[in-house]
Amino acid sequence: GKLSGLCGNFDLKTVNEMKTPDQMEAPNPQEFGTSWTAMECASSPDVRNPCHLNPLREPFAKKECGILLCDVFEPCHAVVDVTWFYSNCLTDTCACNRGGDCECFCTSVLAYAQTCCQHGVAIDWRTPTIC
């Protein structure tokens, strides 16, 4: 059999984890989840963007998550697409309400750094001011 669904396909490539039943890349987690609902379930029109719900957090999220797009992570960009991780970093950082402003941000950046490392690209990204 072939594994697929809300838990992904277990190919150890996180970029493949947001595939809909017809193997299309979902643009956000809400649409991904909705794509796997049974036919009798109503589609939720309530797709909320945490950065729109918390507009004061958005500038902080964009500034901090921008590290993923900068030179420090550039060696990994050709190996692991940063787009999904950057989008998740913005969402998580805007939505975070625990452990101070940086806990969710640091977890998001760490997820990309670990994926890079798993693909043979070690990134030294932590500094005294970043996580």
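A residue is called partly exposed when its relative accessible area lies between the 20% limit for buried and the 50% limit for exposed. In this predicted model, C70 has a relative accessibility of 41%, so C70 counts as partly exposed. C117 is also partly exposed, at 48%.

## The disulfides

Let's turn to the bonded cysteines. The structure has five disulfides, and, counting bonded cysteines along the chain, their pattern reads 1-5, 2-4, 3-9, 6-7, 8-10.

C51 pairs with C94, with 2.0 Å between the sulfur atoms. This bond joins distant parts of the chain, 43 residues apart: C51 sits in helix α2 (residues 50-53) and C94 in helix α5. The S-S torsion here is about 90 degrees, so this disulfide is right-handed. C65 and C89 are bonded too, their sulfurs 2.1 Å apart. Because C65 belongs to helix α3 and C89 to helix α5, their bond ties together parts 24 residues apart in sequence. A torsion of about -80 degrees makes the C65 and C89 disulfide left-handed. Both C65 and C89 are buried, each at 0% relative accessibility.

## The nonpolar core

The largest nonpolar core holds 23 residues, and L68, F73, F105, V109 and Y112 have the most contacts inside it. Helices α3 (58-65), α5 (83-95) and α6 (102-118) each provide at least two core residues, with α6 giving the most, six.

Which residues does V109 touch, leaving aside those up to four places away in sequence? They are I67, L68, F73, C89 and W125.

Conventions. Residues are numbered from 1 along each chain as its sequence is written. This is a predicted model: local features need pLDDT of at least 70, side-chain atom pairs count only at pLDDT 80 or more; totals for chains, interfaces and linings use all residues. Side-chain values use heavy atoms; hydrogens and water are left out. A nonpolar core is a set of buried Ala, Val, Leu, Ile, Met, Phe, Trp, Tyr and Cys residues joined through side-chain atoms within 4.5 Å. Buried means under 20% relative accessible area, exposed over 50%, partly exposed in between (1.4 Å probe, protein chains only). Helices (H or I, at least four residues) and strands (E, at least two) are DSSP runs, numbered from the N terminus. Contact means heavy atoms within 4.5 Å. A disulfide is a pair of cysteine sulfur atoms within 2.5 Å.
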